[in-house]
Amino acid sequence: MIYSDQERRASSAYFYMDPSALVKRYHDEEGTGLVNKLFEKLEARQERFTTSVWSIAESAAVMSRIKNKLKIKGDDFSKILMSFLSEIKQFHFLAVNDERVLASIPYSLTHNINSSDGLHLKTLKDLEKAVS
(Lines give C-alpha, C1' and ligand atoms only; values in the text may rest on other atoms or scores of the structure.)
Protein backbone atom coordinates (compact mmCIF):
# COMPACT_ATOMS: atom_id res chain seq x y z
CA MET A 1 0.00 0.00 0.00
CA ILE A 2 1.29 3.48 -0.83
CA TYR A 3 0.82 6.21 1.74
CA SER A 4 1.10 9.96 1.50
CA ASP A 5 3.39 11.61 4.03
CA GLN A 6 0.39 12.76 6.06
CA GLU A 7 -0.79 9.18 6.42
CA ARG A 8 2.59 8.15 7.83
CA ARG A 9 2.13 9.89 11.20
CA ALA A 10 2.15 7.40 14.07
CA SER A 11 3.91 6.78 17.35
CA SER A 12 6.05 3.78 16.36
CA ALA A 13 9.60 3.93 15.06
CA TYR A 14 10.27 3.98 11.32
CA PHE A 15 13.06 2.07 9.63
CA TYR A 16 13.71 3.34 6.12
CA MET A 17 15.30 0.74 3.89
CA ASP A 18 17.12 1.90 0.78
CA PRO A 19 17.84 -0.51 -2.08
CA SER A 20 21.36 -1.22 -0.84
CA ALA A 21 19.96 -2.55 2.42
CA LEU A 22 17.10 -4.39 0.70
CA VAL A 23 19.45 -6.23 -1.65
CA LYS A 24 21.57 -7.40 1.31
CA ARG A 25 18.58 -9.47 2.36
CA TYR A 26 18.93 -11.54 -0.84
CA HIS A 27 22.66 -11.37 -1.56
CA ASP A 28 25.24 -12.34 1.03
CA GLU A 29 27.63 -9.43 1.42
CA GLU A 30 28.99 -7.17 4.14
CA GLY A 31 26.04 -5.99 6.21
CA THR A 32 23.73 -8.91 5.36
CA GLY A 33 23.80 -10.24 8.93
CA LEU A 34 22.86 -6.86 10.35
CA VAL A 35 19.97 -6.44 7.91
CA ASN A 36 18.69 -9.94 8.69
CA LYS A 37 18.82 -9.25 12.46
CA LEU A 38 16.89 -6.03 11.96
CA PHE A 39 14.23 -7.88 9.95
CA GLU A 40 13.94 -10.51 12.71
CA LYS A 41 13.61 -7.91 15.47
CA LEU A 42 10.98 -5.90 13.65
CA GLU A 43 9.08 -9.04 12.73
CA ALA A 44 9.03 -10.11 16.38
CA ARG A 45 7.72 -6.66 17.38
CA GLN A 46 5.25 -6.67 14.47
CA GLU A 47 6.68 -3.43 13.10
CA ARG A 48 7.23 -2.67 9.45
CA PHE A 49 9.90 -1.12 7.32
CA THR A 50 9.35 1.98 5.25
CA THR A 51 10.79 2.67 1.83
CA SER A 52 9.89 4.52 -1.34
CA VAL A 53 8.23 2.89 -4.32
CA TRP A 54 11.38 3.78 -6.28
CA SER A 55 13.24 1.24 -4.10
CA ILE A 56 11.34 -1.65 -5.69
CA ALA A 57 12.55 -0.90 -9.21
CA GLU A 58 16.06 0.00 -8.09
CA SER A 59 16.42 -3.15 -5.96
CA ALA A 60 15.18 -5.38 -8.78
CA ALA A 61 17.69 -3.79 -11.18
CA VAL A 62 20.56 -4.33 -8.71
CA MET A 63 19.49 -7.94 -8.20
CA SER A 64 19.44 -8.44 -11.97
CA ARG A 65 23.02 -7.15 -12.25
CA ILE A 66 24.06 -9.55 -9.48
CA LYS A 67 22.26 -12.37 -11.30
CA ASN A 68 24.19 -11.64 -14.49
CA LYS A 69 27.52 -11.28 -12.70
CA LEU A 70 27.10 -14.54 -10.75
CA LYS A 71 25.39 -16.31 -13.67
CA ILE A 72 22.35 -17.25 -11.60
CA LYS A 73 19.87 -19.35 -13.59
CA GLY A 74 16.58 -17.78 -14.62
CA ASP A 75 14.42 -20.09 -12.49
CA ASP A 76 16.55 -19.47 -9.39
CA PHE A 77 16.48 -15.73 -9.99
CA SER A 78 12.69 -15.81 -10.42
CA LYS A 79 12.37 -17.47 -7.00
CA ILE A 80 14.61 -14.82 -5.42
CA LEU A 81 12.67 -12.01 -7.07
CA MET A 82 9.31 -13.49 -6.05
CA SER A 83 10.54 -13.81 -2.47
CA PHE A 84 11.63 -10.16 -2.52
CA LEU A 85 8.30 -8.97 -3.95
CA SER A 86 6.39 -11.05 -1.43
CA GLU A 87 8.39 -9.76 1.52
CA ILE A 88 8.14 -6.09 0.61
CA LYS A 89 4.33 -6.29 0.45
CA GLN A 90 4.52 -5.83 4.22
CA PHE A 91 6.42 -2.52 3.91
CA HIS A 92 4.98 0.96 4.16
CA PHE A 93 5.68 2.76 0.87
CA LEU A 94 6.18 6.46 0.44
CA ALA A 95 5.10 7.90 -2.88
CA VAL A 96 7.59 9.39 -5.29
CA ASN A 97 6.28 12.31 -7.31
CA ASP A 98 7.76 15.03 -9.51
CA GLU A 99 7.93 17.48 -6.61
CA ARG A 100 9.96 15.09 -4.47
CA VAL A 101 12.29 14.21 -7.34
CA LEU A 102 13.01 17.86 -8.09
CA ALA A 103 13.42 18.67 -4.39
CA SER A 104 16.04 15.90 -4.13
CA ILE A 105 18.48 17.68 -6.46
CA PRO A 106 20.01 19.87 -3.72
CA TYR A 107 20.69 16.74 -1.64
CA SER A 108 22.59 15.16 -4.53
CA LEU A 109 24.59 18.32 -5.13
CA THR A 110 25.29 19.14 -1.48
CA HIS A 111 26.35 15.62 -0.53
CA ASN A 112 27.95 14.71 -3.87
CA ILE A 113 25.78 11.60 -4.25
CA ASN A 114 23.97 10.14 -7.24
CA SER A 115 20.39 11.10 -8.02
CA SER A 116 18.87 7.89 -6.66
CA ASP A 117 20.61 8.33 -3.33
CA GLY A 118 19.55 11.98 -3.29
CA LEU A 119 15.95 10.88 -3.82
CA HIS A 120 16.19 8.37 -0.97
CA LEU A 121 17.70 11.01 1.31
CA LYS A 122 14.94 13.49 0.42
CA THR A 123 12.28 10.83 1.02
CA LEU A 124 13.81 9.99 4.40
CA LYS A 125 13.92 13.68 5.35
CA ASP A 126 10.24 14.03 4.37
CA LEU A 127 9.39 11.01 6.51
CA GLU A 128 11.30 12.56 9.41
CA LYS A 129 9.23 15.76 9.11
CA ALA A 130 5.98 13.84 8.82
CA VAL A 131 6.47 11.86 12.03
CA SER A 132 7.95 14.60 14.19
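Good morning. I begin with a pair of side chains: that of H120 makes a polar contact with that of E58, at 2.9 Å. Please bear in mind that the model on the screen is a predicted one.

Let us stay with H120 for a moment. Where does H120 lie? H120 belongs to helix α7, which covers residues 115-131. Is H120 buried or exposed? Its relative accessible area is 6%, and because buried means under 20%, H120 counts as buried. As for its surroundings, once neighbours within four places in sequence are set aside, H120 is in contact with Y16, D18, P19, S52, W54, S55 and E58.

I now turn to helix α6, which consists of residues 105-111. Two of its residues deserve a comparison. I105 is found in this helix, and S108 lies in helix α6 as well. I105 has a relative accessibility of 43% and so is partly exposed. S108, by contrast, is buried, at 12%.

With which residues is S108 in contact, leaving aside its neighbours within four places in sequence? They are I113, N114, S115 and G118. Of these, S115 falls within the range of helix α7, residues 115-131.

I105, for its part, contributes to a surface feature. Together with L102 and L109, I105 forms a nonpolar patch on the surface. The accessible area of the three residues together is about 330 Å².

Thank you for your attention.

Notes
Residues are numbered from 1 along each chain as its sequence is written. This is a predicted model: local features need pLDDT of at least 70, side-chain atom pairs count only at pLDDT 80 or more; totals for chains, interfaces and linings use all residues. Side-chain values use heavy atoms; hydrogens and water are left out. Helices (H or I, at least four residues) and strands (E, at least two) are DSSP runs, numbered from the N terminus. Buried means under 20% relative accessible area, exposed over 50%, partly exposed in between (1.4 Å probe, protein chains only). A polar contact is a pair of N or O atoms within 3.5 Å; within protein, one must be able to donate a hydrogen and the other to accept it, and residues adjacent in sequence count only if both atoms are side-chain atoms. Contact means heavy atoms within 4.5 Å. Patches are made of residues with over 30% relative accessible area and no salt bridge: like charges are joined within 9 Å, nonpolar side chains (Val, Leu, Ile, Met, Phe, Trp, Tyr) within 5 Å. Accessible areas come from the Shrake-Rupley method with a 1.4 Å probe; for residues, only the protein chains shown count as cover. A salt bridge is a side-chain nitrogen of Lys or Arg within 4 Å of a carboxyl oxygen of Asp or Glu.
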